[in-house]
Amino acid sequence: MRYSKFLAPSLRDNPADAEVVSHQLLLRAGFIRRVTSGVYDYLPMGLRVLRKIEAIIREEMNRTGAQELLMPMLQPAELWQQSGRWDKYGSELLRFKDRHAHESCLGPTHEEVICDLVKRELRSYKQLPMNLYQIQTKFRDEVRPRFGLMRGREFVMKDAYSFHADEDSLQEEYQTMFKTYQRIFTRLGLKFRPVEADTGSIGGSQSHEFHVLAESGEDLIAYCTHCDYAANVEKAVAKRDISVFDDAPSHHVDTPNITAVEDVATFLAIPEEQLIKTLLYHVVGGEYDGQVVAACLRGDDALQEIKLVRALAADEVMLASDTDLQAIHAVKGFVGPQDLTCKLLLDESLRDAKGMVVGANRVDQHITGFSVDCLDADFVDLREVRVNDGCCHCDEGHIEHARGIEVGQVFALGQQYTKPLDVLFQDANGKRAIATMGCYGIGVSRLIAAVIEQCHDEHGIVWPLALSPFQVTIITMGKSERVLENSKKLYQDLLNAGVEVLWDERKERPGVKFKDAELMGIPYHIVVGERGLDAGIVEIRRRAGEKHEIAITETVDSMLSMLEEKL
């Protein structure tokens, strides 16, 4: 491709609305352009990268025997109503009515549609297992799209769905997909980590996320320094050292205008872990829908709200209002777990706790010498794991944190969708049985951003060779006919040899050409100039690496050897 004919408009400065490196560089290098909030055009350069990621994913998925299909983005409301997600999925599901007043949505995922397809085609256990996948555009009406391709409303996703006759078969495919994802992200040249994960709005009994490690990641990962344990903090568990405090008679103490944990601890001259903080939430969905619940933790711990949601089997929780507090006899700023007329959950670290300090449910008062054995409560894991917590899976390691960009997730769904959507088959005994299901997603367009977050320097993108829009760029120095003719011949010879090459023959200053080549991240730069031609050589530069001179007659063979070494 000749640069002068190529749509790759570069920018010298970072756009004001681009917060992270990947968003800045994708805009500056001419890979994408914003259409509206969270929606982007993929310019030719960006599309070339997208297609290369898709090709690697297809190769690895096809290698497992999975079959590619394509489902519609438009989905009828009836399917979502049948699965129970029409009302539960939330505001990210873009719902609308067509001219016939028929309700539909733009698909954020395709569990309902694939189940509808399979139930009409599945007859016998002999057809199982089967794994069907697509690479397709999705839409989620994000409340706050940000970071360019990392959190958009419209995005490209690979989603696969497997169907099985039993749980053992599902687990086998789950492990196959887990290993397939490891191969995919390794081929993409990424530093990544699989972690245990909450199943979220998709549901199911088991899930792992795959995270690209990057400081710009929105997810926080907890991992062990010694063993392989790693989990999203939404699900992570760990051991904490628990101090035992002396049992003592309880009594009320005045704490005038002192409400914050750290302030109460300072005022009473006690460690923060000796306090019990009681957090009140209004529940949405599930058994406790519309009710207020109390969640209690040690004063130095933080509540992981997703754990609370799962413990309640709810859709979500929201901080309780002043009206909610009054209804359960709680006093704002001085809430304690005793005498509350609501469901009470205590973190596991509080089991058998005594000698504690709690709010007195009276203005300006706390209670000391409090023991939890007087409470009617359930003990569950509610705390967010902290750095230096002990690992639950080994005795040698401790917990550390890292930031990650989620680029893939696998789920063991069981019969969560196949049962309400009637995905049935005839088993080996001739009886009707419900199929078991798994699903497996990869954020294809998000991967473009994730790669850049790991692969860049102060000059621009540093693409892995497998993903670069072009393998080589020829930079023509000067305007003489000799330089242009030699550049053109080299360009044609490389094309004929199967090399993906961008020829920068623009009438621009050398500095501009070099900056654009570095900004776009093309791995190899071949420089053709008058002095080199006088000596019968060209210069080959590796992006963010060394440079050396090669005889013009050996350029194509040398370039092919370099590209082969990197594959």
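Which residues does H211 touch, not counting residues up to four places away in sequence? Before selecting them, note that this is a predicted model, in which local features need pLDDT of at least 70 and side-chain atom pairs count only at pLDDT 80 or more, while totals for chains, interfaces and linings use all residues. Residues are numbered from 1 along each chain as its sequence is written, and side-chain values use heavy atoms, with hydrogens and water left out.

Start by colouring domain 1 (17-210 + 413-452), domain 2 (251-380) and domain 3 (472-566), whose bounds come from an automatic or database domain assignment. The centres of domain 2 and domain 3, taken over C-alpha atoms, are 67 Å apart.

Next, select H211 in strand β10 (residues 206-213), a strand being a DSSP run of E with at least two residues, numbered from the N terminus. H211 counts as buried because its relative accessibility is 0%, where buried means under 20% relative accessible area (1.4 Å probe, protein chains only). Show its contacts (heavy atoms within 4.5 Å), and you will find K191, F192, R193, V195, D219, I221, N232, G404, I405 and E406. The backbone nitrogen of E406 lies 3.4 Å from a polar atom of the H211 side chain.

Then move to the open sheet of three strands, ordered β4-β6-β5 with antiparallel pairing, where strands pair if DSSP finds at least two bridges between them. Because β4 (74-76) and β5 (95-97) each have a single partner strand, one side of each is left without a neighbour in the sheet. Finally, select β5 and β6 (residues 103-106), which are joined by three bridges, and look for R95 opposite C105 in β6.

How values were computed. Helix = DSSP H or I, 4+ residues; strand = E, 2+ residues; numbered from the N terminus. Buried < 20%, exposed > 50% of the residue type's maximum accessible area, 1.4 Å probe, protein only. Polar contact = N/O pair within 3.5 Å; in protein donor to acceptor, adjacent residues only side chain to side chain.
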